[in-house]
Amino acid sequence: MKQCSVVTQFGTLTLTEETGAITRLSWGHVDAGATSDLLDRAADQLRAFDAGRLTQFDVPLQVAGSDVLRAVCGEISAIPFGETCTYGDIAKKLGIPAQVVGQACGQNPIPVIIPCHRVMGAKGLTGYSGAGGIETKIALLRHEGAAGLLI
């Protein structure tokens with residue numbers, strides 16, 4: 001397992017690489033250890049996203065977990081930059097309850113890159129499992145120009 005940390009306006013984000021794919025993004029700093037071309041590329045993409053120069057990540061990802069979690073993360077990954085959808089929208093596509101989609105969003109191991117901040121409740125803004133909670137979700141949506149949806 002290799003890790004690196006990137007300082008962003010959303011906090012210090014730590015990327016984890018295993019078996020040639022990004023497997024986790026978490027908040028907090030780790031001491032620099034072994035690095036790789038993939039970690040360097042993912043870190044560069046996070047910096048570009050933070051600076052407003054990147055709207056879509058293209059690093060290999062590996063989501064560990066249930067088939068449902070992987071399917072929900074796949075649908076979340078398809079939400080375009082600056083747009084949102086609801087738990088219900090994803091639930092309809094996958095034929096599962098919206099509550100299950102919400103639980104899977106909370107288990108997303110690679111937030112920001114798999115943009116679960118773009119998923120809303122039927123009546124608007126909902127929680128966020130990343131550091132800073134809802135404030136971080138709002139900051140990410142504002143960064144993408146989707147904050148108008150919050151009013």
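So, Asp 44 and Arg 47: their side chains meet in a salt bridge, 3.1 Å from N to O. By salt bridge I mean a side-chain nitrogen of Lys or Arg within 4 Å of a carboxyl oxygen of Asp or Glu. Both residues sit in helix α1, three residues apart, about one turn of the helix. Helices here are DSSP runs of H or I with at least four residues, strands are runs of E with at least two, and the numbering starts from the N terminus.

Quick word on the model. It's a predicted one, so local features need pLDDT of at least 70 and side-chain atom pairs count only at pLDDT 80 or more, while totals for chains, interfaces and linings use all residues. Residues are numbered from 1 along each chain as its sequence is written, and side-chain values use heavy atoms, with hydrogens and water left out.

Back to that pair. Asp 44 counts as partly exposed because its relative accessibility is 47%, and Arg 47 is partly exposed too, at 41%. The cut-offs: buried is under 20% relative accessible area, exposed is over 50%, and partly exposed is in between, with a 1.4 Å probe and protein chains only.

How many salt bridges does a search of the whole structure find? Five. Another one brings together the side chains of Asp 58 and Arg 41, at 3.7 Å from N to O. This pair links distant parts of the chain: Arg 41 is in helix α1, Asp 58 is in the loop between α1 (37-50) and α2 (67-77), and they're 17 residues apart. Arg 41 has 38% relative accessibility, so it goes down as partly exposed.

Then there's Arg 118 with Glu 144, where the closest N and O atoms are 2.8 Å apart. Arg 118 is in the loop between α4 (98-106) and β5 (119-120) and Glu 144 is in the segment after α5 (134-143), so the pair ties together parts that are 26 residues apart in sequence. Are these two buried or exposed? Arg 118 is buried, and so is Glu 144. For Arg 118 the relative accessible area is 5%, which is why it counts as buried.

What does Arg 118 touch, not counting residues up to four places away in sequence? Its contacts include Thr 55, Leu 141, Glu 144 and the run Ile 79, Pro 80, Phe 81, Gly 82, Glu 83, Thr 84 and Cys 85. Contact, by the way, means heavy atoms within 4.5 Å.

Now some backbone geometry. Most residues other than glycine have a negative phi. Val 112, though, has a positive phi, near 75°. Val 112 is in the loop between α4 and β5, and it counts as buried because its relative accessibility is 1%.

Thr 19 isn't a glycine either, and its phi is positive, about 45°. You'll find Thr 19 in the loop between β2 (11-18) and β3 (21-27). At 74% relative accessibility, Thr 19 counts as exposed. Its side chain makes a polar contact of 3.2 Å with the side chain of Gln 62. That term means a pair of N or O atoms within 3.5 Å; within protein, one must be able to donate a hydrogen and the other to accept it, and residues adjacent in sequence count only if both atoms are side-chain atoms.

Last stop, the strands. Thr 16 is in strand β2 and is buried, with a relative accessible area of 3%. Arg 24 lies in strand β3 and is partly exposed, at 42%. Leaving aside neighbours within four places in sequence, Thr 16 is in contact with Arg 24, and also with Met 1 and Leu 39, among others. Arg 24, in turn, touches residues including Pro 109 and Ile 110.
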